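Have the structure open beside you as you read.

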Amino acid sequence: MRSDRFGDRLARAVAGRESQLVLGLDPDPVRLWPAAVADPGNGSVAERAGEAVAAHCRLVLAATAEHCVGVKLQVACFERLGAPGWTALAGVIAEAQGLGLLVICDGKRGDIDVSARAYAQAYFGSTPTPFGPVPGLGADALTVNPLLGLDSLAPLAEIGRAAGSGLFVLVRTSNPGAGDIQDLVLSAGQTVSDRLAGLVRTLGGEPGGSGLSDIGAVTGATAPQHLERLREAMPTSPFLLPGVGAQGGRVQDLAAAFAPGPGGGLVSSSRGIVFASETAGGEPARAAAGEAARLRELAWQVSH
């Protein structure tokens with residue numbers, strides 16, 4: 001178990017690597033780098049697919065890790081392969097952490113307290129059994145859905161804190177339909193996103209020595225007009241800013257996220273990095289490294 005809080009670890013990692021870039025990995029088994037499928041192995045279809053996905057992720061990490069502070073793993077892209085997918089997920093987490101990266105599992109979990117505790121054990125802690133504890137994945141952070149209310153988030157926060165891990169709560173997301181719910185105005189004059197921001201602030205409590213809380217917020221880069229208001233509502237929460245690149249978000253529009261300092265915002269890009277060669281040309285690893293370096297430099301400039 002880690003002894004210090006996620007917000008403080010995040011601040012140190014950003015400062016040490018001079019990067020706020022988070023590599024998004026959403027592996028599609030039919031759209032992998034060619035080198036990942038060069039040796040299909042001899043297992044079942046699911047086992048070969050799982051190994052190919054893991055190989056693809058290792059290749060992308062090797063090409064881009066020096067430019068990143070973390071990696072965001074889309075859990076669904078691994079889970080759909082069954083048990084081999086979960087094995088691949090665990091392996092990629094270990095690989096990324098071995099490279100010094102923070103690992104954010106993008107699972108958007110959210111359920112009643114009993115289930116929330118089980119999710120927390122799976123991602124952060126361990127599960128007691130009559131035969132001894134079963135260790136979880138050891139992720140550094142998890143995205144969570146607050147729709148069920150504060151009591152559904154509390155067990156995740158509790159177990160995460162004990163492990164030195166954190167949460168990123170969905171507040172104003174990057175998808176085109178986000179406004180269908182999140183921009184609705186409530187009777188008090190607040191939007192749904194404003195109310196969710198209040199939950200994040202309550203759950204986060206007092207920040208650590210870095211000034212950053214261990215409870216962050218997902219605030220999509222595709223809707224930067226909300227960032228200043230949400231930053232005022234959540235002054236110490238780190239913001240996870242997905243949607244840069246293929247979804248249309250621009251790093252230049254994200255300055256409000258960095259009000260608490262360079263660690264206040266994590267800029268996440270997935271397809272824009274992984275498939276940079278499709279627009280820039282050249283070999284996939286070289287193109288991905290070039291795009292990651294460009295985004296890293298741009299985010300660092302915007303945050304200062």
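This is a predicted model: local features need pLDDT of at least 70, side-chain atom pairs count only at pLDDT 80 or more; totals for chains, interfaces and linings use all residues.

**The largest pocket**
- The space in the largest pocket comes to about 390 Å³.
- Its lining has 23 residues, and those nearest the centre are Lys72, Asp106, Ser174, Pro242 and Gln247.
- By class, this lining holds twelve polar, six nonpolar and five charged residues.
- At least two lining residues come from each of strand S2 (70-74), S3, strand S10 (265-269) and helix H10 (271-274).

**The second largest pocket**
- About 160 Å³ of space lies in the second largest pocket.
- You can trace its lining through Asn145, Pro146, Leu147, Leu170, Ile181, Gln182, Val192 and Leu196.
- Helix H7 (179-182) and helix H8 (192-204) are the elements that give two or more residues to this lining.
- Six of the lining residues are nonpolar and two are polar, with no charged ones.

**Two residues with positive phi**
- Glu18 is not a glycine, yet its phi is positive, at about 50 degrees.
- Look for Glu18 in the loop between helix H1 (6-17) and strand S1 (21-25).
- Glu18 has 45% relative accessibility, so it counts as partly exposed.
- Lys108, also a residue other than glycine, has a positive phi near 50 degrees.
- Lys108 sits in strand S3 (residues 102-109).
- Lys108 counts as partly exposed because its relative accessible area is 38%.

How values were computed: Residues are numbered from 1 along each chain as its sequence is written. Side-chain values use heavy atoms; hydrogens and water are left out. Helices (H or I, at least four residues) and strands (E, at least two) are DSSP runs, numbered from the N terminus. Buried means under 20% relative accessible area, exposed over 50%, partly exposed in between (1.4 Å probe, protein chains only). On a 1 Å grid over the protein atoms alone, a cavity is a set of points where a 1.4 Å probe fits but cannot get out, and a pocket is an open set with protein on both sides within 12 Å along at least five of seven lines; lining residues have an atom within 4 Å of a point. Grid points are joined across faces, edges and corners, and a volume is the space filled by probe spheres set on the points. Ala, Val, Leu, Ile, Met, Phe, Trp, Tyr, Cys and Pro count as nonpolar, Asp, Glu, Lys and Arg as charged, and the others, Gly among them, as polar.
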